[in-house]
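Subject: Structure for you to look at, with notes

Dear colleague,

Here is the structure I promised to pass on.

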Amino acid sequence: MNTKTLFSQPTITLKRNVLMSMMAISLGGVSFATQAQTSAQSNQQEIEQLRQEVQALRALIEQQQQAKPAVTMVQAPAAPATPAAKPVMRIASGAEFNLYGNIRADASYQAEGGLPVRMFNQINAVPLEGTGERSDEFKSTLSATRLGMDFKAPIGAGDKALSGKVEVDFLGGANFDNLRIRHAYISYANWLIGQTWSNFATPDYMPETVDALAYAGGSIKRTPQVRHTSTFSPETNLVLAVEDPKDGTIKQRLPALTARLNHKFADNLAVSARAMGHEKRINEEEEMAWGVGLGAKYDLVPGTTLKADYYHVKGDSSFVSYANTGVIAQGNDLYQSEFDSIMVGLTQQFNDKLRGTLGYGYMKFDNDQNYIDALRTSTPESEAQSNTTRANKDLWQAWANVFYSPTKPLSFGLEYVYGERTALEAATNGSTKGEDNRINAVAIYNF
């Protein structure tokens with residue numbers, strides 16, 4: 001702080017004026033004394049008095065400097081650091097890759113029913129009572145472990161990008177222990193090409209299960225396909241697709257045509273209406289298979305969700321799980337199976353770590369005698385009952401489960417399921433019923 005600034009204060013200005021007046025008076029006194037030739041002692045006293053007043057003024061200035069508060073420079077807080085983006089792999093072309101997957105261990109105790117070939121759901125093929133059930137048996141597997149990769153690559157100018165997914169698990173082959181492709185597709189704008197969930201038999205409205213496969217009335221079908229999505233509004237879109245359902249029971253000349261209309265009525269209600277058509281050919285004879293489906297998801301209250309899914313299908317066994325053979329040839333005629341199915345379930349999220357589901361699934365097949373006769377005659381005479389006892393009049397399953405996730409990557413599930421099947425015709429011992437009674441457990445680490 002300089003002297004000019006200090007003297008601008010009122011108190012210091014007053015002192016300065018007093019001092020200047022005193023100095024003027026004193027100097028005048030000195031001059032007068034000199035001129036009057038006063039004594040040397042008197043002059044010395046006045047000079048000393050003037051010196052004392054100057055020292056007093058200096059002390060006052062120093063006191064004012066010490067009393068004035070110091071100016072403190074306050075820095076603005078630093079802006080918070082931007083959170084680091086989720087790490088991804090990038091290559092020189094600009095493409096981005098994100099690896100993900102899980103390690104999954106499944107275990108099951110089969111109290112009644114069951115087949116030796118696998119531990120997951122097999123309700124349509126459980127042995128009839130007294131015909132070789134695999135009861136009181138423990139099984140385990142890690143074959144549902146998954147590994148996947150999402151990718152995105154810029155295409156041309158602007159913000160357009162090509163995206164896709166490749167995902168595999170080990171549930172392939174007859175014994176469900178071989179590597180298989182779950183998803184492998186690319187998508188651009190409104191188009192998708194590759195293999196992913198069927199546009200007709202979507203799993204979006206299935207209640208949650210511990211079992212890695214669907215229960216009666218549901219489907220987890222993935223097909224090679226080309227599909228296009230038309231978005232009419234944020235709440236409504238239409239998806240059209242041509243799909244290869246991989247139906248090994250027929251000679252396929254054309255792919256299946258599927259359509260799915262999705263609509264969201266409110267934040268807590270979504271529905272999906274679906275349709276399918278597919279030509280079936282055996283020995284140059286042909287029939288048209290078709291099906292419709294309707295699914296709904298409704299949040300009753302926060303944390304409580306109701307899901308339901310319905311199908312009516314004629315002449316096809318490739319889309320909805322556990323269906324009878326879709327079409328059978330007898331001479332120059334083809335006979336088609338027809339069924340209705342429904343799956344419904346209620347899921348409760350108890351807290352951020354614990355949830356549970358109650359579910360029920362049912363399938364009812366038409367009792368068409370011509371179809372039954374065609375099944376019988378399509379089997380060698382020595383096995384005349386094998387096809388008709390393997391096919392079903394109806395299937396049902398009910399289940400209850402809980403999932404516990406102590407931390408985000410870990411999840412543990414426990415489930416009880418009971419179900420029955422009723423065969424089209426009785427086995428040689430007269431039995432027409434088989435049952436599936438078991439407990440499932442799973443431990444999953446996601447990465």
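How many aromatic pairs does a search of the whole structure find? The search finds seven, where rings of Phe, Tyr and Trp (its six-membered ring) pair if their centres lie within 6.5 Å, and where planes under 30 degrees apart count as stacked, over 60 as edge-to-face and the rest as tilted.

Before the details, some words on the source. This is a predicted model, in which local features need pLDDT of at least 70 and side-chain atom pairs count only at pLDDT 80 or more, while totals for chains, interfaces and linings use all residues. Residues are numbered from 1 along each chain as its sequence is written, and side-chain values use heavy atoms, with hydrogens and water left out.

Confidence and overall make-up

The mean pLDDT of the protein chain (the predictor's confidence in each residue, from 0 to 100) is 84, and 80% of the residues reach 70 or more. Over residues 1-39 the pLDDT is below 50, and this stretch has 26 contacts in the model beyond near neighbours in sequence, a contact meaning heavy atoms within 4.5 Å. Residues 68-84 also have pLDDT below 50, with one contact beyond near neighbours in sequence.

The protein chain holds five helices and 20 strands, taken as DSSP runs (H or I over at least four residues for helices, E over at least two for strands) and numbered from the N terminus. Of its 447 residues, 39% count as buried; here buried means under 20% relative accessible area, exposed means over 50%, and partly exposed lies in between (1.4 Å probe, protein chains only). Among contacts between residues at least 6 apart in sequence, 61% join residues at least 24 apart.

An aromatic pair and its cluster

Phe200 lies in the loop between β7 (191-197) and β8 (222-233) and Phe319 in the loop between β13 (304-314) and β14 (327-330), so the pair ties together parts that are 119 residues apart in sequence. Phe200 is buried, with a relative accessible area of 0%, and Phe319 is buried as well, at 1%. Ring pairs also bring in Tyr311, which is linked with Phe200 and Phe319 into a cluster.

Salt bridges

The count comes to 20 salt bridges, each being a side-chain nitrogen of Lys or Arg within 4 Å of a carboxyl oxygen of Asp or Glu. In one of them the side chains of Glu208 and Arg355 meet at 2.8 Å, N to O. Because Glu208 sits in the loop between β7 and β8 while Arg355 belongs to strand β17 (residues 354-365), this pair ties together parts that are 147 residues apart in sequence.

Another salt bridge joins Lys251 to Glu284, with the closest N and O atoms 2.9 Å apart. Lys251 lies in the loop between β9 (236-243) and β10 (256-266) and Glu284 in the loop between β11 and β12, so the pair ties together parts that are 33 residues apart in sequence. Lys251 counts as partly exposed at 46% relative accessibility, and Glu284 likewise counts as partly exposed, at 49%. Glu286 forms a salt bridge with Arg253, for which the closest N and O atoms are 3.3 Å apart, and this pair links Glu286 in strand β12 with Arg253 in the loop between β9 and β10. Salt bridges that share partners join Lys251, Arg253, Glu279, Arg281, Glu284 and Glu286 into one network.

Backbone points to check

Most residues other than glycine have a negative phi. Glu284, however, has a positive phi of about 70° although it is not a glycine, and Asp136 has a positive phi near 55°. Asp136 lies in the loop between β2 (96-112) and β3 (137-141), and it counts as exposed at 58% relative accessibility.

A residue in strand β15

Tyr335 lies in strand β15 (residues 333-336) and counts as buried at 19% relative accessibility. Leaving aside neighbours within four places in sequence, Tyr335 is in contact with several residues, including Ile328, Asn370 and Tyr371.
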